[in-house]
Amino acid sequence: MAQITCKDLTLGYETGVVAEHISFSVEEGDYLCIVGENGSGKSTLMKTLLGLTPPLGGKIETGDGLRLTEIGYLPQQTVVQRDFPASVREIVQSGCQARKGLRPFYNKEEKRIAEEAMDRMGIRQFENHCYRELSGGQQQRVLLARALCATRKILLLDEPVSGLDPIASADMYQLIRELNREGITIIMISHDLGAAVQDANRVLHIGKNVFFGTRDEYLASSIGRYYMMAEEEKF
Amino acid sequence: MIQKLSLYLSYPFVRYALIVGVLIALCSSLLGVTLVLKRFSFIGDGLSHVAFGAMAIASVLKVTNTTVVILPVTMICAVLLLRTGQNTKIKGDAAIAMISVGALAFGYLLMHLFSTSSNLAGDVCSTLFGSTSFVTLTKKDVWLCVILSVIILAVFVFFYHKIFDVTFDENFARAVGTRADTYNLLIAVIIALIIVLALNLVGSLLISALVIFPALSAMRVFKSFRAVTICSAVLSVVCALTGILISIIAGTPVGATIVAVDVAAFGIFCLIGRG
């Protein structure tokens, strides 16, 4: 049984449809990369998967005992966060907010989970540093650690390398690859087609034409070839 | 000077003023960080103008306990303003500006048309800038203030982490199942409560200063959310006490003096933050 199965989704808001006829499924341990032009509905798809925006049509089913609130989410940075006075520990700990429920304070177990996540991301030495004073790559590691507190199964990454320099980007991809090898399912939105497709085992392309299949199928398809060509012409 | 102070402190109304001042300063500073970071600094301003309008209605209707009218009206507006945050035709700041000046104009109009008082300008001035003295505070007012403050403090401590969660990253909070709308609503209700409380102390034009200055000052120096929150609470109380004492000794208007002290503290914190 797949962890997430989407059947003929129609995405959009009250103001109109953004994308339609999207069907795909994600198995445990998959590395799915979602690509498409600007405005093709990638971000909307992510919001729909997270339950922030209800789908206009179609169905999202979860399996393997996954609940929709058990998805770890790495959002794009917001303007608010850029000057937010918060320590790394406070932010990572907030990944346990669902586990904590209505209890006013975090307990030992939740603190341990947060510490483990910080160790795993190699940011334990910054735990009392201010988030806004870290570099872009370190900030992404903090948010990734927070996402890991919320899940053990599946991570949704929204443009994880946007705004990072090439070295920090490579570093970020390396981290994601390692997490995937440890058995965590990865769903990633990316502009960076070349690098993304290198690691992914499945690709979902949305836009005028929708494609879903394995990486090799994508690279062999007309839509994939067209895209990879455009990607290479950049250089 | 000390003699003068101890003489004043022997009057109950001065002691009431100190108690009320400290409690209001404490409560208003707590949510400052959240409001500043959510880009809602002006919501306090907008709501206080709404409170002014509501007060005008209450005095026209000759309601003796004006809080009964002001509190619900302000709360409803707070909820409406936070609701219109996203995905609406009128964006947040424009909505606040509209409601705020609309309520201000409407309130003044009502007071002008129906006021029975001979000193209309004085009435308006004290509603806008706070009363020049605290003589008007009764024991009942003080108790109301104490009870509301305790409720606000308790709610804040209990939901401290949730408030952090929805302030730092609302989308993440929603994604993991935190009911962000409920907590935004809670924040709105607390703000409305604080504004109604502070209306008597500093008047409707100066309330935002009480809400945002301590938070902004603390953010210059401290690096974690908890430290910033604690520092802004302490700073706000210290500034309020200093302001009230200065206003007693120098005979200056209370609200304006407290805000002046807050501004001075902000300057000092800016310097410390740079150094």
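I began at one pair: A:L11 stands opposite A:A19 in β2(A). For names, I took helices (H or I, at least four residues) and strands (E, at least two) as DSSP runs numbered from the N terminus.

A note on the source: this is a predicted model, where local features need pLDDT of at least 70, side-chain atom pairs count only at pLDDT 80 or more, and totals for chains, interfaces and linings use all residues. Residues are numbered from 1 along each chain as its sequence is written, and chains are lettered from A and ligands numbered from 1 in the order in which they are written.

Next I checked how β1 (residues 4-13) of chain A meets β2(A): seven bridges join them, and they run antiparallel. Strands pair if DSSP finds at least two bridges between them.

Then I followed the open sheet, three strands in the order β2-β1-β4 (chain A) with antiparallel pairing. Its edge strands, β2 (16-26) and β4 (57-62) of chain A, each pair on one side only.

I also looked up the domains of chain A: the assignment, automatic or from a database, gives domain 1 (1-66 + 154-213) and domain 2 (79-152). Their centres, taken over C-alpha atoms, are separated by 23 Å.

Where do they touch? Nine residues of domain 1 of chain A are in contact with six of domain 2 of chain A (C-beta atoms, placed from the backbone, within 7 Å). On the domain 1 side, β6 (154-158) and α7 (166-181) of chain A each give two or more residues, and α7(A) gives the most, with four.

Definitions and conventions: Contact = placed C-beta atoms within 7 Å.
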